[in-house]
Amino acid sequence: YSINQERRVDLTFGISYTDDIDKAKEVFTNVAKACPNALTNIGPDVFVSELADSSVNFAVRPYCKPVHYWDVYIYMLENVKKELDKAGISIPFPQRDVHLHGQK
C-alpha cells in the first residue's frame, strides 16, 4: 500500500451548519492526537473541506505506520462520534422535503 514509512488516514466528518466550526475542529484534533497508534511527529491535518448540502465537512488526516492503518481508522470513527456527542455537536444526515402538487 505504501513504500513510505508513514501512511495518511483520510477521513471525512460532517457537522451541522448550526454547530461551532472551531469547537468541532478542536474535537477532531484532540481525538487524532489521543489516538494510540497515530504518529505525533506529523499531522494531524484538520480543515473544512466542503460546504455540502446537509453538512459542513471536515477532512481529518492523522498519520500512522502502515501496519496501524485500520487501528487508527477504527479508533477515529468511534472516538470522534463519542467526543462530538459529549461536545453537543451533531452529525447531520441528508434530508429532503417533498412537496406533492395537485393531490387532493
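Trainee: What share of the contacts in the chain with a separation of 6 or more comes from residues 24 or more positions apart?
Mentor: Residues 24 or more positions apart account for 73% of them, where contact means heavy atoms within 4.5 Å. This is a predicted model, in which local features need pLDDT of at least 70, side-chain atom pairs count only at pLDDT 80 or more, and totals for chains, interfaces and linings use all residues. Residues are numbered from 1 along each chain as its sequence is written, and side-chain values use heavy atoms, with hydrogens and water left out.

Trainee: Why is H1 called oblique to H2?
Mentor: H1 (residues 21-34) and H2 (residues 69-87) pack at an angle of about 140°, with their axes 10 Å apart. That makes H1 oblique to H2, because angles under 35 degrees count as roughly parallel, over 145 as roughly antiparallel, 65 to 115 as roughly perpendicular and the rest as oblique.

Trainee: Which residues of H1 make the contact?
Mentor: Lys23, Val27, Phe28, Val31, Ala32 and Ala34 of H1 make it, with residues of H2 including Tyr75 and Met76.

Trainee: How many residues of the chain count as buried?
Mentor: Of the 104 residues, 35% do, buried being under 20% relative accessible area (1.4 Å probe, protein chains only).

Definitions and conventions: Axes are lines fitted to C-alpha atoms, for helices over the stretch in contact, and angles run from 0 to 180 degrees between N-to-C directions. Helices (H or I, at least four residues) and strands (E, at least two) are DSSP runs, numbered from the N terminus. Buried means under 20% relative accessible area, exposed over 50%, partly exposed in between (1.4 Å probe, protein chains only).
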